[in-house]
Amino acid sequence: MSPVDVYSLWLAATRVSAQAGTTTHVFDVAGITIRARLHHESLVLPFLSAISHLSVSLADAGLDDGYVIDIWDSFHSGVQFPRFHHDIDDVMPRGEVPAYSGEGISFAYFAHARMVQILNQSKKHGIVALVNAKALPAFELACPLRGILSWVLRHNGMAMIHSAALADEDGNAHLIIGNSGAGKSTTSISCLLAGMRYIGDDLCALGQGADGLIYVHSLYSSGKTYRSEWKYLPPLKKLTLPPGLRIDEFHKEIYFFSHDEQLKTQLCRSGQLQTIFVPCKDGSVKAPFPTVASLISLTMGSTRELLPDAGFEGLTILSKAFRQAQVMPLPLSDDRQCPVPRALATRQLQQRSG
């Protein structure tokens with residue numbers, strides 16, 4: 001079957017699922033209008049909680065030529081998945097099914113979540129179908145729709161990047177890069193709790209504005225830490241997911257900051273990139289400091305591990321980001337206190353003395 005035929009097959013199943021009724025929720029994702037059509041109310045919590053800070057009214061969206069994404073699951077709709085014509089061995093590590101992609105169609109199957117994501121770029125239509133939304137893994141709750149959103153951003157000259165980001169009181173964005181385990185999530189969350197504006201803890205979007213400058217855009221208002229971090233950041237304990245979605249102590253807890261009345265006022269949609277921080281976990285800066293080329297390679301590599309069908313399409317915009325921003329080490333302390341203001345103050349002192 002051609003990719004277009006595969007899309008048509010899933011579109012037919014989606015239309016059957018929609019017969020019971022849908023609800024539409026509208027979001028502004030990095031300046032792109034996304035209309036999410038949910039086929040059951042139980043899909044709201046797992047798919048929209050992490051992006052609720054990006055919601056806009058139907059009136060604000062107007063007639064903008066954006067994207068429509070239909071979201072359904074077999075458990076609630078009673079609609080079964082169309083039959084796969086390929087074996088599980090044909091699914092690539094990040095979910096890609098090469099035989100089903102092409103001709104303007106992107107297709108991924110996330111086996112761990114038993115979920116399919118499809119984007120038809122020419123029709124600006126996406127499909128998310130899964131077996132049971134109640135069994136969605138925690139990581140997918142923290143960054144829902146990441147396959148489709150990464151494709152949408154790519155088609156619109158932007159890139160989804162594995163990074164954390166914060167904004168200061170002037171609206172300048174500060175990106176934090178590094179492999180998984182580098183300290184991005186704990187650092188960004190500690191800074192949120194200390195009063196900084198929060199863009200994201202794991203995945204952000206980079207795009208070039210009309211002024212030619214690079215901006216960092218928020219995708220998810222969720223956060224992730226292990227329970228062991230609660231002793232350093234006690235407020236996190238009351239921000240964990242509802243009991244039905246809690247996970248065991250060996251996996252990261254998920255937090256939806258948009259659900260907290262105080263913290264949701266600190267959520268930031270975007271900011272002009274000013275700084276790129278590289279965490280130093282032991283609090284010291286080892287010499288020699290990594291080169292820009294090695295940091296770009298590290299960021300592209302860690303991003304490709306998370307996204308289906310990801311290559312080096314974000315290389316150009318990431319290179320522009322490094323040319324625009326000041327690249328700095330970010331020493332982290334064992335007490336998990338927000339290190340960004342201290343690092344920025346140190347930079348200012350150095351600039352004055354220089």
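Biologist: Which residue of β7 is the bridge partner of V116?

Modeller: The partner of V116 is A129 in β7. This is a predicted model, in which local features need pLDDT of at least 70, side-chain atom pairs count only at pLDDT 80 or more, and totals for chains, interfaces and linings use all residues. Residues are numbered from 1 along each chain as its sequence is written, and side-chain values use heavy atoms, with hydrogens and water left out.

Biologist: Why are β3 and β5 said to stand at the edges?

Modeller: Seven strands form an open sheet in the order β3-β1-β2-β4-β7-β6-β5, with mixed pairing. β3 (55-56) and β5 (105-110) each have a single partner strand, so one side of each is left without a neighbour in the sheet.

Biologist: Which helix lies across β4, β5, β6 and β7?

Modeller: That is helix α1 (residues 3-17), which runs at about 70° to β7. The axes are lines fitted to C-alpha atoms, for helices over the stretch in contact, and angles run from 0 to 180 degrees between N-to-C directions. Helix α6 (residues 146-155) also packs on the sheet, touching β2, β4, β5, β6 and β7, and its direction makes about 20° with that of β6. Contact means heavy atoms within 4.5 Å.

Biologist: Why is β7 called largely enclosed?

Modeller: Six of the six residues of β7 are buried, so the rest of the structure largely encloses this strand. Buried means under 20% relative accessible area, exposed over 50%, and partly exposed in between (1.4 Å probe, protein chains only). H125, I127 and A129 lie on one side, and G126, V128 and L130 on the other. In a regular strand the side chains alternate between the two faces of the sheet.

Biologist: Is S42 buried, exposed or partly exposed, and why?

Modeller: S42 has 26% relative accessibility, so this residue counts as partly exposed. S42 lies in the loop between β2 (32-38) and α2 (44-48).

Biologist: What makes the approach of S42 to H40 a polar contact?

Modeller: A polar contact is a pair of N or O atoms within 3.5 Å; within protein, one must be able to donate a hydrogen and the other to accept it, and residues adjacent in sequence count only if both atoms are side-chain atoms. The side chains of S42 and H40 make such a contact at 2.9 Å, and the side chain of S42 makes another with that of H76 at 3.2 Å.

Biologist: Why is T275 called buried?

Modeller: T275 has 0% relative accessibility and therefore counts as buried. T275 is found in strand β16 (residues 270-280), and a polar contact of 3.0 Å joins its side chain to that of H174. Leaving aside neighbours within four places in sequence, the residues in contact with T275 include A173, L175, A325 and R347.

Biologist: How many helices and strands does the protein chain have, and how do you know that the chain is compact?

Modeller: The protein chain has 10 helices and 17 strands. Its radius of gyration is 20 Å, close to the 20 Å that the globule rule gives for 354 residues, so the chain is as compact as a globular protein of that length. The radius is taken over C-alpha atoms, and the rule is 2.2 Å times the number of residues to the power 0.38.

Technical notes: Helices (H or I, at least four residues) and strands (E, at least two) are DSSP runs, numbered from the N terminus. Two strands pair if DSSP finds at least two bridges between them.
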